[in-house]
Amino acid sequence: MIFGRSERGKPPVEPVTLKILVAGGFGVGKTTLVGAVSEIRPLRTEELLTEAGRPVDDLSGVEAKNTTTVAMDFGRITLREDLVLYLFGTPGQERFWFMWDELAEGALGAVVLADTRRLEDCFAAVDYFERRSIPFLVGVNCFEGAPRHPVEDVRRALDLDAHVPLVMGDARDRESVKEVLIGVVQHAMAQAAQRRRTVTV
């Protein structure tokens, strides 16, 4: 199916569009994740890191990083002909967190990317979505050379509630990222159904 046209005489399908946030610490792979799956050229608002930012941008573990997102990343992926995800990558540094409230408006759910070398960098994102009751999934971005830990160890280190999904993946790999996005959509839909059941009881 191509939007606006039907195949073999089928009526055109009006897709449901859902907004998903991609959050996490500085240098964890948010821009890479959006770029890996976007079927359009991703919108990126990256700027070169400068000497002025050195005192506030902790490059430990990501020393090769030379750009940073200053507003957001944006991409789109069609999961099915009737389901399209709009992906919004949040800026990672604390000085840009004021933008998160705007980006979170209307979001179905979120992916919190984590790096086991800098696990504490995703605490703020986990807290943000927990406080706002936005369903989220934690995706551990398995960087080359990063220590591998059992899922339950990472879950305990992040102090995640039992219902929050945690998956291992690779932000560079399209199929891996698709599985993460399918996971967050399924989790958000299950949470919404649970809330509806609670209201009707």
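**Notes on the predicted model**

1. In α1, the buried residues are Lys30, Thr31, Leu33, Val34, Ala36 and Val37. The model is a predicted one. Six of the eight residues of α1 are buried, so this helix is largely enclosed by the rest of the structure.

2. Thr31 is found in α1, which spans residues 30-37. Its relative accessible area is 14%, and the cut-off for buried is under 20%, so Thr31 counts as buried. The side chain of Thr31 also makes a polar contact, at 2.6 Å, with the side chain of Asp73.

3. Where does α1 lie? It lies across β1, β4, β5 and β6. Relative to β4, α1 runs at about 40 degrees.

4. The sheet is open and has six strands, in the order β4-β5-β1-β6-β7-β8, with mixed pairing. Its edge strands are β4 and β8 (166-169), each of which pairs on one side only. From one strand to the next, the twist averages 25 degrees.

5. At the β4 end of the sheet, strand β4 (residues 73-80) is joined to β5 by seven bridges, and the two run antiparallel. Ile77 stands opposite Leu85 in β5. β4 and β5 form a hairpin, with two residues between the strands.

6. On the pairing with β1, β5 is again joined by seven bridges, and here the strands run parallel. The bridge partner of Leu18 in β5 is Leu85. Six of the seven residues of β5 (residues 83-89) are buried, so the strand is largely enclosed by the rest of the structure.

7. β1 is also joined to β6, by five bridges, and these two strands run parallel. In β6, Ala110 is the bridge partner of Leu21.

8. Which residues touch the most other members of the largest nonpolar core? They are Leu21, Val112, Phe129, Phe136, Val138, Leu158 and Leu160, in a core of 26 residues. At least two residues of this core come from each of β1 (16-24), α2 (100-104), β6 (109-114), α3 (123-131), β7 (136-141) and α4 (151-158). The largest share, four residues, comes from α3. As a general point, nonpolar side chains tend to be buried together in soluble globular proteins.

9. Leu21 deserves a separate entry. Leaving aside residues up to four places away in sequence, Leu21 touches Phe88, Leu103, Ala104, Ala107, Gly109, Ala110, Val111 and Phe129. A second, separate core has 21 residues, including Ala36, Leu113, Ala171 and Val184. Of these, Ala36 is among the buried residues of α1.

10. Is Ala124 buried, partly exposed or exposed? Ala124 has 25% relative accessibility and so counts as partly exposed, since that class lies between 20% and 50%. Ala124 has its place in helix α3. Ala124 and Gly25 are 99 residues apart in sequence, while their C-alpha atoms are 8.1 Å apart in space.

Methods: Residues numbered from 1 in each chain as written. Predicted model: local features only at pLDDT ≥ 70, side-chain atom pairs only at ≥ 80, totals over all residues. Heavy atoms only, no water. Core = buried A, V, L, I, M, F, W, Y, C linked by side-chain atoms within 4.5 Å. Buried < 20%, exposed > 50% of the residue type's maximum accessible area, 1.4 Å probe, protein only. Contact = heavy atoms within 4.5 Å. Pairing = 2+ DSSP bridges. Polar contact = N/O pair within 3.5 Å; in protein donor to acceptor, adjacent residues only side chain to side chain. Axes fitted to C-alpha atoms, helices over the stretch in contact; angles between N-to-C directions.
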